[in-house]
Amino acid sequence: MRITSGAVILWLFIFNFGCVQNAAVKEGQNAETAKWDYERISGYLANVPGIRKMESWNDSGGQGVCIETEHYRIFTTLTDPLMLRQAPSFVESAYQAYESQVPDKIECVEKFKVYLFDDRKGWEQFTRVFTGPDAGIYLKIQRGAYAKDGVCIAYNIGRKQTFSVLGHEGWHQFNQQYFKYRLPSWLDEGVATLFETCRYNQGVFEFRPQDNLMRLGTLRQIVQQGRMIPLAELITLDPGQVLDGYGSDTDAVMSFYAQNYALVRFLREYDYGRRLTNYHNLLLGGLRGNWPIEPYLAQTAANRNVPLTIAWNSRVSPQLFSMYIGGDIGAMEEQYQRFCSDIVYRVRLQGEMQNNK
């Protein structure tokens, strides 16, 4: 999740905790009191592909390890053996997926920092120090992660769910670092949802947005109930507005993310990808900083120290959508809604499955 000045964006997950094994705890020891064993962990990770360097890391919340890959430095107190072995591959697979969104080759000047804690206690201690006077806002996050100042901070909520939030937040981290212009909310959040689901195959992670049942389930529900936010309105909203009570829908935040997930997929997939080039050009303009917009809008887009405002987002989003995606947005609305209905056709909600028994 991203938290920006002027708006609090809380991206929450409704999953159960996963069961994990503790590689750092010797037989007979209590998991809560046992000393974190760097020698044992480093030996376990010695032959993992993609790890370029390892060193001990001591945080106020406990002992850990810093794992360095081609593009990342992962500071972690994790003890789950499978997550430790897969985390380096996950972040590098994610980097390649992020980079594939634009045609330009991106030169990695400085490695990304990811802090991944084994439990919420360590995450909270780090967050209080890292976010300072804003800590109260970040500590409201119940289960998930956040990106701040180009750094991603998360804690273990189960392997699948943890990698899901890291994939989402990693996109925000990536474009904060490399894009000259910040992205409109619908685009930034919509693209981030593409990296929430993945499959591990022969040492690498393949991202599969078509398998994102959390977003698809929400989308099916709002399609069935006729609660779709109109496309012309959707592209002007940001999560802060939705969180503050957009409309009368208590599930508006989930609807906002689900529809932006569907919108980005629509631009990439609809009618054999006929708008895919438009989508790539829109992102490329943000990467290079050459959108043809008014100077005052460009200035805000380029200066990430200036708070992202509702006014800027609602002004720039329709302009960019018209310039790059083009067409009659009213006519596109029908295509978009048909696409949404198509991609949720085979999704079944819990109540529907019970009725079919």
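Helix α5 (residues 159–178) packs against helix α6 (residues 185–192) at an angle of about 130 degrees, and their axes lie 8 Å apart. Axes here are lines fitted to C-alpha atoms, for helices over the stretch in contact, and angles run from 0 to 180 degrees between N-to-C directions. The model is predicted, so local features need pLDDT of at least 70 and side-chain atom pairs count only at pLDDT 80 or more, while totals for chains, interfaces and linings use all residues. Residues are numbered from 1 along each chain as its sequence is written, and side-chain values use heavy atoms, with hydrogens and water left out.

**Overall composition**

- The protein chain contains 15 helices and eight strands; helices (H or I, at least four residues) and strands (E, at least two) are DSSP runs, numbered from the N terminus.
- Of the 357 residues in the protein chain, 55% are buried; buried means under 20% relative accessible area, exposed over 50%, and partly exposed in between, with a 1.4 Å probe and protein chains only.
- Among contacts in the protein chain with a separation of 6 or more, 66% join residues 24 or more positions apart; a contact means heavy atoms within 4.5 Å.

- On the α5 side, the contact is made by His168, Trp171, His172 and Asn175, and on the α6 side by Asp188, Glu189, Val191 and Ala192.
- Helix α11 (residues 276–288) and helix α13 (residues 310–325) have axes that come within 9 Å and cross at roughly 130 degrees, which makes α11 oblique to α13.
- The crossing of α11 and α13 is right-handed; a crossing is right-handed if the near helix is turned clockwise from the far one by less than a right angle, and left-handed if anticlockwise.
- Asn278, Tyr279, Asn281, Leu282 and Gly285 of α11 meet Leu320, Tyr324 and Ile325 of α13.

**Nonpolar core**

- In soluble globular proteins, nonpolar side chains tend to be buried together.
- The largest nonpolar core has 105 residues, of which Trp171, Phe174, Phe179, Trp186, Leu219, Leu263 and Tyr336 touch the most other members; such a core is a set of buried Ala, Val, Leu, Ile, Met, Phe, Trp, Tyr and Cys residues joined through side-chain atoms within 4.5 Å.
- Helix α10 (residues 252–273) supplies the largest share of this core, eleven residues.
- Apart from neighbours within four places in sequence, Leu219 is in contact with Met228, Ala258, Gln259, Ala262, Cys340, Ile343 and Val344.

- Strand β5 (residues 145–148) and strand β6 (residues 151–155) pair in the antiparallel sense over four bridges; two strands pair if DSSP finds at least two bridges between them.
- Both faces of β5 are covered, with Ala145 and Ala147 buried on one side and Tyr146 and Lys148 buried on the other.
- Lys148 has Val151 in β6 as its bridge partner.
- Two residues separate β5 and β6 in their hairpin, and Asp149 in the turn has a positive phi of about 55 degrees.
- Asp149 is exposed, with a relative accessible area of 64%.
- Strand β7 (residues 198–201) and β8 also pair in the antiparallel sense over four bridges, and Tyr200 stands opposite Phe205 in β8.
- Strand β8 (residues 204–207) has Phe205 and Phe207 on a covered face and Val204 and Glu206 on an uncovered one.
- The hairpin of β7 and β8 has two residues between the strands, and Gln202 takes a positive phi near 55 degrees there.

**Individual residues**

- Asp271, in helix α10, has a positive phi of about 50 degrees although it is not a glycine.
- Asp271 is partly exposed, with a relative accessible area of 37%.
- Asp119 lies in the loop between β4 (112–117) and α3 (120–131) and is partly exposed, with a relative accessible area of 40%.
- The C-alpha atoms of Asp119 and Leu78 are separated by 8.1 Å, and these residues are 41 residues apart along the chain.
- Leu349 belongs to the loop between α14 (329–343) and α15 (350–355) and is partly exposed, with a relative accessible area of 21%.
- Leaving aside neighbours within four places in sequence, Leu349 is in contact with Gly217, Arg220, Gln221 and Gln224.
- Leu349 and Arg220 are 129 residues apart along the chain, with their C-alpha atoms separated by 8.1 Å.

Notes
Angles under 35 degrees count as roughly parallel, over 145 as roughly antiparallel, 65 to 115 as roughly perpendicular and the rest as oblique.
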